[in-house]
Every structure is written in C-alpha cells, then in structure tokens.
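User: I'd like a close look at one part of this model: the aromatic contacts and what surrounds them. Could you walk me through it in one connected answer?

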Amino acid sequence: MGESKNLTKKLIYDIFHKFRVKGQVRKRPVPHVTLFGPFACKGIRQVIHDIGEVGSEYAELPYEIDGFDYFELKKKFLFITTASKKNVIYLKIIPSEDLKDFRHRLAKKLLKYTDAVESSHDSKNKFKYHATIAMKDIHHKFDEIWEYLKGYDIKTKGMCYRITLLKQGKIMYEYDLPTKRLLNRRQSLGRRKRR
C-alpha cells in the first residue's frame with residue numbers, strides 16, 4: 001500500500017515501456033509482496049480461514065525494500081546444470097520479525113493441504129521475500145534491464161495492512177489486519193479507492 005505500491009507499479013511500467021517485456025503486464029499488475037505460492041488446493045475456504053486465523057494476531061506487518069535481485073531458472077540433468085536463464089527480476093524485501101513470523105505460521109498451515117512445491121515455504125529464514133517487477137519474457141533482455149535498474153537507488157520502508165489472496169493475478173479476497181475483517185473482491189477494490 002502507499003509509497004511501496006506506487007514504486008512497484010512505476011517500475012513495472014517503466015520496464016515494460018522501455019524494454020517491451022510483457023510478462024508482468026499481460027493482465028493489470030497487482031503490486032504485492034509474495035508470501036506463499038503459487039499453489040492449488042481443493043477449495044479456498046480453508047485458505048481464507050487460515051489467513052484470518054493467523055492474521056488476527058497482527059495489526060500491521062513492517063518491511064523494508066532494499067534494491068533488486070533476480071531468480072534464475074536452472075535445468076539440471078544428473079545433478080549438473082545444463083541450462084539457466086534469469087526469468088524474474090524483483091524488489092528485495094527485508095521482512096520484520098513479525099512478517100517472518102506471520103509468513104512462517106501461515107505457510108505451515110497451508111502446506112498441509114496445498115500442492116505448493118517451493119521448498120523454502122517451510123523455512124522461516126530461507127524464504128526469499130520479493131515483489132516481482134519483471135518476469136517471463138526478460139531472458140534475452142536481462143542484461144539491459146539490469147543495467148537500467150542500476151540507475152535506481154531504492155531503499156525505503158513499507159507497511160503491510162492487508163493480506164491478499166490472488167488467483168491468476170486477480171484479487172479474490174483480502175484480510176484487513178487493522179479491522180480484522182475479510183473483504184471480498186468488491187469490498188477490497190471499493191475500500192482501496194476510498195483511501
């Protein structure tokens with residue numbers, strides 16, 4: 001929310017316009033800090049319940065943004081890397097202890113009934129907190145984009161007040177930490193406009 005959301009959105013569109021990479025803007029981007037996923041499950045009722053149960057113990061979740069990093073997709077054959085490509089550029093998120101605790105407690109619940117395959121979900125300290133700004137079709141332009149991002153000196157603080165459940169990049173529900181309320185899509189988008 002606020003400055004962090006606007007910064008993320010600006011970077012997403014800057015990279016899109018300057019380098020013509022569409023991975024992050026195929027659908028209207030929803031700037032967010034990834035805490036768990038991607039995943040699938042039989043129904044989302046339990047997911048919503050668990051977000052509310054864990055979220056009810058927090059009023060806000062502070063974090064810092066400190067520069068950029070990237071994920072590299074590596075293909076292996078018999079423990080030997082045969083190919084690699086840099087396929088995601090993101091803002092590095094430095095979580096507060098509360099954010100680490102929240103994410104870890106939520107992940108432990110969700111791992112019981114989802115098909116999430118990310119091995120770091122179960123770790124409190126190894127998980128890479130991030131806000132994606134470019135993905136998918138960046139491999140051949142990675143070096144140019146990375147050089148461009150060196151012109152930005154990004155270090156700021158942010159505060160998370162809502163936990164958002166996304167489905168294919170679309171807001172489905174949000175849990176509002178200060179009010180302890182679950183908001184459906186319409187309520188969530190309506191409240192954002194009023195703020």
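Analyst: Happy to! The structure holds 10 aromatic pairs; rings of Phe, Tyr and Trp (for Trp, the six-membered ring) count as a pair when their centres lie within 6.5 Å, and the planes are called stacked under 30 degrees apart, edge-to-face over 60 and tilted for the rest. Please keep in mind that this is a predicted model, in which local features need pLDDT of at least 70 and side-chain atom pairs count only at pLDDT 80 or more, while totals for chains, interfaces and linings use all residues. Numbering starts from 1 along each chain as its sequence is written, and side-chain values use heavy atoms, with hydrogens and water left out.

One of these pairs is Tyr70 with Phe142, an edge-to-face arrangement with 5.0 Å from centre to centre and 70° between the planes. Because Tyr70 belongs to strand 1 (residues 61-77) and Phe142 to helix 4 (residues 142-149), the pair ties together parts that are 72 residues apart in sequence. Helices (H or I, at least four residues) and strands (E, at least two) are DSSP runs, numbered from the N terminus. The two partners are placed as follows: Tyr70 is partly exposed at a relative accessible area of 26%, whereas Phe142 is buried at 5%. Here buried means under 20% relative accessible area, exposed means over 50%, and partly exposed falls in between (1.4 Å probe, protein chains only).

Phe19, Phe68, Tyr148 and Tyr152 form one aromatic cluster. Phe68 also touches Ile133, where contact means heavy atoms within 4.5 Å. Leaving aside neighbours within four places in sequence, Ile133 has other contacts too, among them Leu11, Ile15, Tyr90 and Leu149.

That leads us to the nonpolar core, a set of buried Ala, Val, Leu, Ile, Met, Phe, Trp, Tyr and Cys residues joined through side-chain atoms within 4.5 Å. The largest one has 43 residues, and Ile133 and Ile163 touch the most other members. Elements giving two or more residues to this core include strand 1, helix 3, strand 3 (130-135) and helix 4. Helix 1 is the top contributor, with six residues.

Two rings also have a charged neighbour. Arg20 lies over the face of Phe16, 4.9 Å from the ring centre. Likewise, the charged end of Arg103 sits over the ring of Phe127, at 4.1 Å from its centre. The test is that NZ of Lys or CZ of Arg is within 6 Å of the ring centre and within 35 degrees of the ring normal.

His104 is found in helix 3 and counts as buried, at 16% relative accessibility. Not counting residues up to four places away in sequence, His104 touches Asp122, Ser123 and Lys124. His49, in contrast, is found in helix 2 and is partly exposed, with a relative accessible area of 45%. The C-alpha atoms of His49 and Tyr175 are separated by 9.9 Å, although the two residues are 126 apart along the chain.
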